[in-house]
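Here is a friendly briefing to read alongside the model. It takes charged pairs, a sheet, a nonpolar core and some backbone details in turn.

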Amino acid sequence: MKFRSVLLVAGAAVAIASPAAAQQKAAYGSWGVETKDMDPSVKPGDDFFAYAEGTWLKNHPIPADKTGAGYNYELPDEIELQVRKMVEQVSANPTTPIEHKIADAYNAWMDEGGIEARGLAPVQPYLARINAVKNRSQLVELMAQPGYAAPVRLGITADQDDPTRYTVRAGQVRLGLPTRDYYLLKGDKYDAIRAAYRQYIVDLGKLAGLSDPEGRADRIIALETKISKDQWTPERRRDPVATHNVMNRAQLMKLAPQFNWSETLRSIGLGSAKTVDVAETTAVTAAGKRIADVPLSTWKEYLTFRFLSDHANDLPKAFDDAHFGFYGHALNDVPEQQARWKRGIQMLDSSLGEAVGQLYVAKFWPPQTANLAQELVDDMHAAYAEKISNAAWMDERTRKAALAKLASFDPRIGHPVKWIDYSTLAVSPTDPLANAIATQEFQWKLDLKRFPHPVDRTLWEMTPQTVNAYYDPTMNQITVPAAILQPPFFDANADPAVNYAETGATTIGHEMGHGFDDEGRQFDAKGRLRDWWTPATAAKYKVKADMLAAQFDQYEPIPGVHIKGKLTLGENLADLGGMETAYAAYRRYVARHGEPPVIDGFTGDQRFFIAYAQAWQGKSREGAERQQLLSDPHSPEKYRVDGIVRNFDPWYKAFNVQPSDKLYLPPDQRVHVW
Ligand SMILES: [Zn+2]
């Protein structure tokens, strides 16, 4: 998915102050921002997003193979080109065992002629396992195996009651359409998407030579629609308390006996697990009922369709094209499929991601960048400490606990210290489908091997070549991959205002902000799901959060489709907290170094906000934006800018925003977290 869960950016005070750095030019514009992308005809107080990048918005078309455009697409494109070069070099002349694996996986994927020649032969053994299912016990057991679809999925994660140990989690999973809304909402647009989805199921059935493709499609959609009605909404799934229900074997059998928990756990190597933490309890119960009351033949049709659909990229072109026709074109409005090599690099990222990451880091990660980023992390940490210490709405007990949590944040920059060992992953030089399944089995075995041991805090959830960052509340870790620490987000030669706004606010401050958003605040300094807030302070926090959710509920990016204030609340709070704190960090910098000069007619504060807005430069196709609004916790870029700055007093002062301006909010309606 295109929307990173976190953004990182920025530049470090020390780097900027160093004479060597000062002599070099910023990568973007003269001070780190493309001022030519701005639209001076727009009043900043009316539409700050358009003011900061209106010319870019007008003149920059979305590439035919993309769901959107902007820095969050361009930088990953550049990295794919860099990785492609490395992978092609390795593939031409592999020497080490891991280079052979990379070469085999990439060559198997790129060999379209070979894929075409083998036709459906590679998929037959997997479909045969579905055909061989004779009863519901066998059905449930097969659903638990890597590669097959299921209404409920089991996984291994850190225990929210004791994050030093692993536990088993169970919960609902995505069906063929992105969320339940796509099955249930009324309106022409949704009818059209459902019709296209039905046609896609029919087409796959015909391509695979299955009997009664039309009837199958109707039965499959009827089954998914039933399941979707019982699934939890994306906003409800954000509630860590509601989705934390530790159950023993007897309780699991009472919850959903159809899943044969003991046999199922044993069949996937988890026979020793005494409890399972169930996320969406009622959805699991309902899915169990569907196992019992939907005909076995329909379930088998469903598994067959999903296997073909989920692995269509590894099958002959007609399957791949049909898959893109629905998921790319019909759902997201994208005209053209991405080039095969690009998807090959993305495939490697999910199968041998850390092996490729090791090559990437060796070539593209200057060691000094980690030091520069660490300076910024330290500065943001100090700013958060100051903010928490001064927050008038916090009582002393909560403040003490919040400072303890801040002190225990574990920032990780660049790449893992310990890399995944892929030596037991078997890679075929000819069969991409076998490689896809082997990858899932390998990952599961890795998880299983870790399960009985203490949680390994060195693991990364993202590869170093990913333009993104994340916060993990049970680990209390902020993880910033190497790829996002480069221009436009991180540039030692840029104006300090740019670096504080971009890496400071949208990446590091944003991620730290997740530790105190409506979800993250429910985890303590040790990552335990535990309420450490006094009721009085929690009530004051809730007033702020509710106000922000109500603001975002009002925004309607597509006619009839509003932002979901509760779904996006955590991201919006992280954005707001990141901005408030990064601005404070910037003012600390200014206090140390003196008031910054006016550049290109902009004060330091103005440059801070313009850079913040340009970090979110972006636009999306309507279908992709609809999917984002219905399912993604991140607000569209425009609202991550306009919806945030209008709550922040220094922005009003920097641009002399007045009550007659469209983004103006009276002071008592502005949300201040820190
Ligand atoms: Zn985030």
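A salt bridge here is a side-chain nitrogen of Lys or Arg within 4 Å of a carboxyl oxygen of Asp or Glu. By that rule, the whole structure holds 42 salt bridges. The model is predicted, so local features need pLDDT of at least 70 and side-chain atom pairs count only at pLDDT 80 or more, while totals for chains, interfaces and linings use all residues. Residues are numbered from 1 along each chain as its sequence is written, and side-chain values use heavy atoms, with hydrogens and water left out.

**Salt bridges**

- Side chains of opposite charge can pair when their charged atoms come close.
- Arginine 165 pairs with aspartate 159, with 2.4 Å between the closest N and O atoms.
- In this pair, aspartate 159 is buried at 6% relative accessible area, while arginine 165 is partly exposed at 39%. Buried means under 20% relative accessible area, exposed over 50%, and partly exposed in between (1.4 Å probe, protein chains only).
- Arginine 530 and aspartate 524 also form a salt bridge, at 2.8 Å from N to O. Aspartate 524 is buried, with a relative accessible area of 2%, and arginine 530 is partly exposed at 40%.
- A further bridge links arginine 670 to aspartate 649, whose closest N and O atoms are 2.8 Å apart. Aspartate 649 belongs to helix 28 (649-654) and arginine 670 to the segment after that helix, so the pair ties together parts 21 residues apart in sequence. Helices (H or I, at least four residues) and strands (E, at least two) are DSSP runs, numbered from the N terminus.
- Shared partners join Asp65, Lys66, Asp77, Glu80 and Lys342 into one salt-bridge network.

- Strands of a sheet pair through backbone hydrogen bonds, either parallel or antiparallel.
- Strand 6 pairs with strand 8 (residues 477-481) in the parallel sense over five bridges. Within strand 8, valine 480 is the bridge partner of isoleucine 413.

**The largest nonpolar core**

- The largest nonpolar core has 196 residues, and Phe48, Tyr197, Phe608 and Phe609 touch the most other members. Such a core is a set of buried Ala, Val, Leu, Ile, Met, Phe, Trp, Tyr and Cys residues joined through side-chain atoms within 4.5 Å.
- Helix 24 (residues 569-593) gives the most to this core, with eleven residues.
- Leaving aside residues up to four places away in sequence, phenylalanine 48 has contacts that include Phe609, Val641, Trp651 and Leu663, where contact means heavy atoms within 4.5 Å.

**Backbone details**

- Most residues other than glycine have a negative phi, and most peptide bonds are trans.
- Proline 487 and proline 488 are joined by a cis peptide bond, with omega about 5°. Proline 488 sits in the loop between strand 8 and helix 22 (496-514).
- Aspartate 212 has a positive phi near 45°. Aspartate 212 is in the loop between helix 10 (188-207) and helix 11 (213-230), and is partly exposed at 41% relative accessibility.
- Asparagine 476 has a positive phi near 50°. Asparagine 476 lies in the loop between strand 7 and strand 8, and is buried at 1% relative accessible area.

Definitions and conventions. Two strands pair if DSSP finds at least two bridges between them.
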